[in-house]
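Reader: I am new to this one. Please show it, and then let me ask how the terms are used.

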Amino acid sequence: MRSGEKKMDSVLINENPIIYPKRPRRVRTDQSNTDEFSVDPIDQLEIFDRIRDIRDPEHPKLSLEDLNILTEESVEVDDDKSYVRITFTPTLPHCHLPTPIGLCLLAKLAQSLPARFKVDVRVAPGSHDKEKTVNKQLGDKERVAAGLENPDLVALLNKMMQV
Amino acid sequence: MDLMEKNLELVEIQKLEGHTDRVWSVAWNPVSSQADGVSPILASCSGDNTVRIWEQSSLSRSWTCKTVLEETHTRTVRSCAWSPSGQLLATASFDGTTGIWKNYGSEFDCISTLEGHENEVKSVSWNASGSHLATCSRDKSVWIWEVLEGNEYDCAAVLTGHTQDVKMVQWHPTMDVLFSCSYDNTIKVWWSEDDDGEYQCVQTLGESNNGHSSTVWSISFNAAGDKMVTCSDDLTLKIWGTDIARMQSGEDYAPWIHLCTLSGYHDRTIYSAHWSRDDIIASGAGDNAIRLFVDSKDDSVDGPSYNLLLKKNKAHENDVNSVQWSPGEGNRLLASASDDGMVKIWQLATKP
């Protein structure tokens with residue numbers, strides 16, 4: 001390949017993403033509850049554990065946690081109210097990929113959480129040009145449902161969830 | 001009859017199980033639900049790609065599934081609507097088509113499939129005379145179809161104007177005026193001045209008209225047709241009114257104006273609102289609850305104002321997608337559909 005010639009097979013939007021050092025995973029120390037019939041409230045870490053390893057659509061070897069798209073602070077949970085909100089930060093303010101990440105988060109949590117939970121997913125305020133557009137799409141369950149019937153999108157999401 | 005005086009409650013009559021995915025909409029058969037000696041019939045449609053027809057037995061008073069309309073739509077059936085005669089059922093699907101089914105009593109036959117929309121069809125509505133149908137889609141358009149002899153349907157108009165996904169279409173209860181609401185936050189009114197089938201958008205109700213600030217999910221008219229309620233992702237219900245006499249005189253178009261906004265009652269998206277014959281507005285929302293509102297009849301306030309009559313928490317185990325009052329007189333039955341896969345029949349009754 002001559003110098004100056006573009007590599008046509010890999011034009012990534014974010015060619016050189018910043019990879020964040022992995023934070024050590026907290027080990028749950030509270031083993032005191034041995035009542036097999038009690039149900040522990042679902043907490044921030046438990047939810048984060050379900051989503052931290054989702055692969056970035058553009059960099060399948062890297063997770064959303066590696067790229068700081070998600071951190072533990074991304075998760076807000078109120079078990080009593082059965083409410084979860086995930087706020088994620090796209091790597092670039094103008095990258096066109098936030099919607100698949102949002103959809104993947106919704107799909108993964110729909111699979112992982114009890115049906116009673118209401119889940120909202122949004123882009124971190126100020127982190128993306130199309131923040132309002134993406135947030136509105138992710139908040140429209142009819143659009144999300146129809147989108148999740150699209151085989152190409154489902155294939156991408158499965159790849160991201162490494163199913 | 002002052003409803004606020006009475007001690008009313010919404011009693012669950014029966015839970016209808018059968019769908020294997022979320023239920024999006026319910027529709028009461030207009031004829032059978034009203035006639036004496038005929039059992040009320042309800043249609044429900046679902047993410048399981050089917051429509052179920054439920055009937056109440058006149059003997060046992062319990063509801064059973066009479067038939068399942070399947071193997072036609074290949075994706076979610078999003079909404080359904082009975083023709084005014086009760087003889088036909090139209091079904092709107094994410095597969096891009098609208099099915100027309102003929103009601104043979106215990107059986108239904110799909111007699112026609114309307115194609116044309118570029119992607120998911122969201123809603124279908126028949127006009128008062130049953131001569132026309134309207135459909136709408138994520139393709140941003142509203143189509144009007146003419147019902148012809150021999151199970152033929154002709155596309156009479158393709159109406160563009162909405163800038164986003166159109167969520168619902170609803171014909172006015174007495175006049176051939178069509179209303180649509182959308183992800184673009186507006187409600188549009190479509191009217192044919194010369195009755196020649198040339199429909200135009202004669203009004204857009206947007207934020208500047210005191211309209212909604214997010215997706216408008218549904219529209220419902222009162223029996224007189226001089227008021228309508230709309231509900232939205234912006235967590236409000238809005239009441240609109242028009243000079244119906246002026247409209248009916250046929251002279252010109254009488255614009256709709258905002259009368260009242262009901263805010264502070266909902267904290268999740270309101271998917272459905274329905275206005276009963278005796279002026280009770282029901283809402284179904286993303287917090288699993290059903291709420292009922294009535295006119296406060298407060299003369300000291302300028303224009304109408306509404307009070308919350310009651311709130312049914314945990315009406316379902318998940319979002320309530322559709323609420324519909326039975327058209328029958330006096331029985332105050334309400335049907336609801338939910339993401340929990342259930343359809344429920346409720347009765348508004350005085351507490352014992």
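**Terms and values**

Author: The accessible surface of chain B is about 14,100 Å², and carbon and sulfur atoms hold 40% of it. Such areas come from the Shrake-Rupley method with a 1.4 Å probe, and for residues only the protein chains shown count as cover. This is a predicted model, where local features need pLDDT of at least 70, side-chain atom pairs count only at pLDDT 80 or more, and totals for chains, interfaces and linings use all residues. Residues are numbered from 1 along each chain as its sequence is written, chains are lettered from A and ligands numbered from 1 in the order written, and side-chain values use heavy atoms, without hydrogens and water.

Reader: Why does the radius of gyration of chain B agree with a compact globule?

Author: The rule is 2.2 Å times the number of residues to the power 0.38, and the radius is taken over C-alpha atoms. For 352 residues a compact globule would be near 20 Å; chain B has 19 Å, so the two agree.

Reader: What makes a residue count as buried, and what share of chain B does?

Author: Buried means under 20% relative accessible area, exposed over 50%, partly exposed in between (1.4 Å probe, protein chains only). In chain B, 58% of the 352 residues count as buried. In chain A, 42% of 163 do.

Reader: What counts as a helix or a strand, and how many are in chain B?

Author: Both are DSSP runs, numbered from the N terminus: helices are H or I with at least four residues, strands E with at least two. Chain B has 1 helix and 28 strands. Chain A has 5 helices and 3 strands.
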